[in-house]
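Hello,

Here is the structure we talked about. Please look it over, then read the notes below.

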Amino acid sequence: MSSTVITNIATLVTNDPSLGSPLGLIRDAAVVVDGDRIAWTGASSKAPATDNRVDAGGRSVLPGFVDSHSHLVFAGDRTEEFNARMSGRGYTAGGIRTTVAATRAASDEELEAGLTRYLSEALSQGTTTMETKSGYGLTVADEERALRLAARHTDEVTYLGAHIVSPDLADDPAAYVALVTGEMLDACAPHARWIDVFCEKGAFDGDQARAILTAGRAKGLHPRIHANQLSYGPGVQLAVELDAASADHCTHLTDADVDALAGGATVATLLPGAEFSTRATWPDARRLLDAGVTVALSTDCNPGSSFTSSVPFCIALAVRDMGMTPDEAVWSATAGGAAALRRTDVGRVTPGAYADLTLLDAPSHVHLAYRPGVPLVSGVWRRGVRLV
């Protein structure tokens, strides 16, 4: 174990509100890493002696992004569907079946190669913590292997057997819910931390979602939910009722939905890549933030509705089209994502947190929205080790 000081940081985002703002900005800053943890932050001129020294060169440092919603275990792509959608066809949940067929046909090696490719892609863009889900197998064996593969590469693994009703049981949704809450859950629970359900027309209704999440909770999995993406529905209210860690999408909300989120511990995770890729209505982040809701930003990386692994891209979209300030978007992509995973050891640069850091080739975090599409990430540390 050795210590390293990163000094000459133009702007350090700590997400420590005791420093006077939600981002806890320190200018002309330094940060000390001891082993895999943050040991100290402060003015560069007051940095203590360490074993190693890194000069940030007047760049900005912020916490590694925490991407709390992705679907990375799959095969194939849906280029034709995307092309048709950009030519005027609407998005529905049904396209998932295309990916299910390709995923079932793929080998473990092919699925794991794709998973590691997308994780590496995300890391190069500053993401140091990434949740990912099953949901493209929809059989006991295929869901179990998806989670088993995912658990080799991330601690944040979600069982999403309830993505859509399996094509094998399309005429008997009740039988599929029984499978998801029975044999499939038994096989998948040992590999996962979370349970999720797509509560939406064309997927699962409120009663089915409640049964699935309740069964998962009885097996030690904590709920999260795809809620209110394509239409108004019961998902958000159910999420708050069941103390889900997050309600994800939150595009179509009533005042009662917003009030429920503001009064509960459930994070509203917004996924602007999905709206970008489906030409759908943007979530109203401003409405949520003004109501006091905790908001996270994530990529929703998946082959159908949001095939991006870039949190910086999603930050730029959120600022441009969802009413967020650059500060709010950066907080939501770091501390907000950590809150959506109920983590306090990531998403911040404070003593005791993991040393997950992103170095930008820019003097301020604002450049993430100010210079969209530009590869600004020039360094990434995860648990104290520089990987980029």
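This is a predicted model: local features need pLDDT of at least 70, side-chain atom pairs count only at pLDDT 80 or more; totals for chains, interfaces and linings use all residues.

**The cores**

In the largest nonpolar core, 82 residues come together, and Tyr159, Phe204, Ile225, Leu288, Leu297 and Ile315 touch the most other members. A nonpolar core here is a set of buried Ala, Val, Leu, Ile, Met, Phe, Trp, Tyr and Cys residues joined through side-chain atoms within 4.5 Å. Buried means under 20% relative accessible area, with a 1.4 Å probe and protein chains only. Helix H3 (residues 108-124) gives the most to this core, with 6 residues. Another core lies apart from it and has 15 residues, among them Ile6, Ile26, Ile38 and Leu359.

Residues are numbered from 1 along each chain as its sequence is written, and side-chain values use heavy atoms, without hydrogens and water.

**The whole chain**

The protein chain holds 14 helices and 17 strands. These are DSSP runs numbered from the N terminus (helices H or I, at least four residues; strands E, at least two). Of its 388 residues, 57% are buried. The C-alpha atoms fill a box of roughly 70 × 45 × 45 Å along the principal axes.

Ile225 contacts Asp196, Leu213 and Ala247, among others beyond four places in sequence.

Best wishes

Technical notes: Buried means under 20% relative accessible area, exposed over 50%, partly exposed in between (1.4 Å probe, protein chains only). Contact means heavy atoms within 4.5 Å.
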